[in-house]
Every structure is written in C-alpha cells, then in structure tokens.
Amino acid sequence: MNSNAKAPAAAGKKKRRGASLDVRKARAGWWFILPFLIGFVLIYLPIIIDSIRYSFHEIRILGGGGFELTYVGWENYRKALFVDPEFTTTLVTGLKQLILDIPSIVLFSLFVAIVLNQKIAGRAAFRAIFFIPVILTTGLIGEIDAQNTMNSYMSNMEGIDDGVGGESTAAEIISVIDMENLFANMMIGTEIVTYVVGLVNNIFNIINRCGVQMLIFLSGLQGISPAIYESCSIDGASGWETFWKITLPMVSPIILVNTIYTIIDAFTATDNQVMAYIDGIYGSTGGDVLSSAMSWMYFLIVILIIAAVSGILSAFVFYQRRD
C-alpha cells in the first residue's frame, strides 16, 4: 500500500520539475533578445531621454566648455511648425511621395514573388538577381553609388527641351505629355496620368526597395499547402479565381507585415526628404534642439500612420486556423 501510494506522488513531483515546451521556447526567445535589451537600456534609452529633454530646452554653449539648458516649453515645436517655412512643406511633400511609393513597392514585390514562385528554369538565379539591388544599395557600396557622377547627372532636375514646348529631366523615362497623348481618347483624369508617370519614372527606386519584401512574400507563398491548389484545380477554378480566393487571403498577413516594413523603411531611409532636412537643421547653428523637436514630431506622424494602416489592413487579414 505504502509503495504504491508513493509512486504516483513521485511521478507527479517529477512532472512538475520540467517546464513545458512553450515555456522553454519563451525562455529561449528572451535569451535571444537579451543582448539587444541590454544595449537598448544602457545605450539607446539614455539618448532617447536626452533627445526628448533637449526638444523642450534651449542650449547655450558656455565659454569654458560645456553647455547650459534653459527650459522653453513647446517653443521649439512652434518654431518647427510655424516659423520654419520649409519644414512643413518638406514634410507634406515627403508624405505625399511615400503614400504613392509604398503601395507600388508592396504590389510590385508581391507580383515578382508570385512569378518567381512558379516552377520555371533558373528560378533561384532570378531570385538572386532581384535581391542584388538590396545588397548594392547598402553599406559602402551605397555610399559609393551616392557619390557617383553619373548618378548625380541622372538625378539632375534641370529641364531638357522635349521639342513640344515642355521640359523633361534626364532621369525621366516618359513624360506627362506622352501619357496624355496615349490616353487622349480615354476618360482618364490628369491625377491618374501623373501617378502613372511617377511610377514609371521611379521604377528603378521601386525595384531597389522591393528585394526584402519579395523574399518575405516568397516564404509566405511557399507556406501555402499544394493540396489547396490541387483541390482548386480539380474543382475547375481558373488561375484568376485561385489567386483571389486562395493566394491573396493566405498571404494577407504577409501583406500586412510587408506594408509595415515598407513604411518604416521608407520613412527612415537616408534619401528621405524629411530625414535629410532634419539632418541639415541639426548641423546648423543652434539647430540641435530644433532638430530634436522636428524628429519627435516626425516620429509621432510615422507612428500614427503605422497605427492607421495596421487598423485598416487588419480588418482584411485572414488567419488560417491550425487546429
């Protein structure tokens, strides 16, 4: 009796010692991000706090070295919005451009991923080719390309007479006049024509910035079970119907992820107009505190845009149940 009673108790005690698989995975995740958390708390968090503090102060450099902070409240934010005429204009222009670029980048990367997910010869080579621009525009190679004389010439905004009374730039593939002549007999507004022209002339930048999104879309497409497509084929569904009923809903969580990634990447890129303007203000006399105020306003705008986009897209995201 005594030996049998002790056996279940010992088994229960032994079972309580070991952690479950989910708990062990959670612990492994915390150990994985621990170096980042330590670096964030020790390095980045003090810088963030100082940046917020400087945005509400005015700095006066002392003669013997060092500086003195004088609290001015929201004065730096008021100067950025109402005194500096270029900040608001640059901010609005940059937001308009990014609103046009972000959907085109996401849609183009999805299209390329669907094409490269097909069983075609040299599929791995084509994937590498589309990812090469991501490598070429980062690090030292990106700095060399930014100083490229030909690149500066192609980015020159000086007009070139096109022979019909208008001007085009060296970087333009087509002009608004060309598109207006093409759609002369169609009921298409000038806003759509301007948008299409901007997309075509910006195709190089779009391709450069869609490599990471393409790989993420590829991983999502390869996670769809082939049995689902076989069932659709047996039922007689066309490729168009399969895309809208199967592929698009299944990759909708990836669309949300890629959209958020593209927004953050676009708003923090080195060639971003607003980022470049804030960096220029920081280098000017007394621009330390003003640039901090501009940066935090820009940060809040980005957070609001991300929250709005996440809320809108989340309503259309389909999550497959695993049970």
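**Helix packing and burial in a predicted model**

Biologist: Is Ile263 buried or exposed in this predicted model?

Modeller: The residue belongs to helix α13, which spans residues 239–267. The relative accessible area of Ile263 is 2%. Buried means under 20%, so Ile263 is buried.

Biologist: Is Ser295 buried, partly exposed or exposed?

Modeller: Ser295 lies in helix α15, residues 287–314. Its relative accessible area is 30%.

Biologist: What distance separates the C-alpha atoms of Ser295 and Val274?

Modeller: Along the chain, Ser295 and Val274 are 21 residues apart. Val274 is in α14, where it takes part in the contact with α4. The C-alpha atoms of Ser295 and Val274 are separated by 9.2 Å.

Biologist: How is α4 oriented relative to α14?

Modeller: The axes of α4 (residues 85–116) and α14 (residues 273–282) come within 8 Å and cross at roughly 155°. Angles over 145 degrees count as roughly antiparallel. Therefore α4 is, relative to α14, roughly antiparallel.

Biologist: How do the residues of the contact of α4 with α14 divide into nonpolar, polar and charged?

Modeller: From α4, the residues are Glu86, Phe87, Thr90, Leu91, Thr93 and Gly94, and they meet Gln273, Val274, Tyr277 and Ile278 in α14. Gly counts among the polar residues here. The division is 5 nonpolar, 4 polar and 1 charged.

Biologist: At which residue does the kink in helix α2 lie?

Modeller: Helix α2 covers residues 21–55 and has a kink of about 45°. Its buried residues include Gly39, Ser51 and Ser55. The kink lies shortly before the proline Pro35, at Ile33.

Biologist: Which residues form one aromatic cluster?

Modeller: A search of the whole structure finds 9 aromatic pairs. One aromatic cluster is formed by Phe56, Trp74 and Tyr77.

Biologist: Among contacts between residues at least 6 apart in sequence, what percentage joins residues at least 24 apart?

Modeller: The chain has 15 helices and 4 strands. Of its 323 residues, 28% are buried. Among the contacts in question, the share joining residues at least 24 apart is 61%.

Notes. Residues are numbered from 1 along each chain as its sequence is written. This is a predicted model: local features need pLDDT of at least 70, side-chain atom pairs count only at pLDDT 80 or more; totals for chains, interfaces and linings use all residues. Side-chain values use heavy atoms; hydrogens and water are left out. Rings of Phe, Tyr and Trp (its six-membered ring) pair if their centres lie within 6.5 Å; planes under 30 degrees apart count as stacked, over 60 as edge-to-face and the rest as tilted. Axes are lines fitted to C-alpha atoms, for helices over the stretch in contact, and angles run from 0 to 180 degrees between N-to-C directions. Helices (H or I, at least four residues) and strands (E, at least two) are DSSP runs, numbered from the N terminus. Angles under 35 degrees count as roughly parallel, over 145 as roughly antiparallel, 65 to 115 as roughly perpendicular and the rest as oblique. Contact means heavy atoms within 4.5 Å. The bend at a residue is the angle between axes fitted to the seven residues ending there and the seven starting there. Buried means under 20% relative accessible area, exposed over 50%, partly exposed in between (1.4 Å probe, protein chains only).
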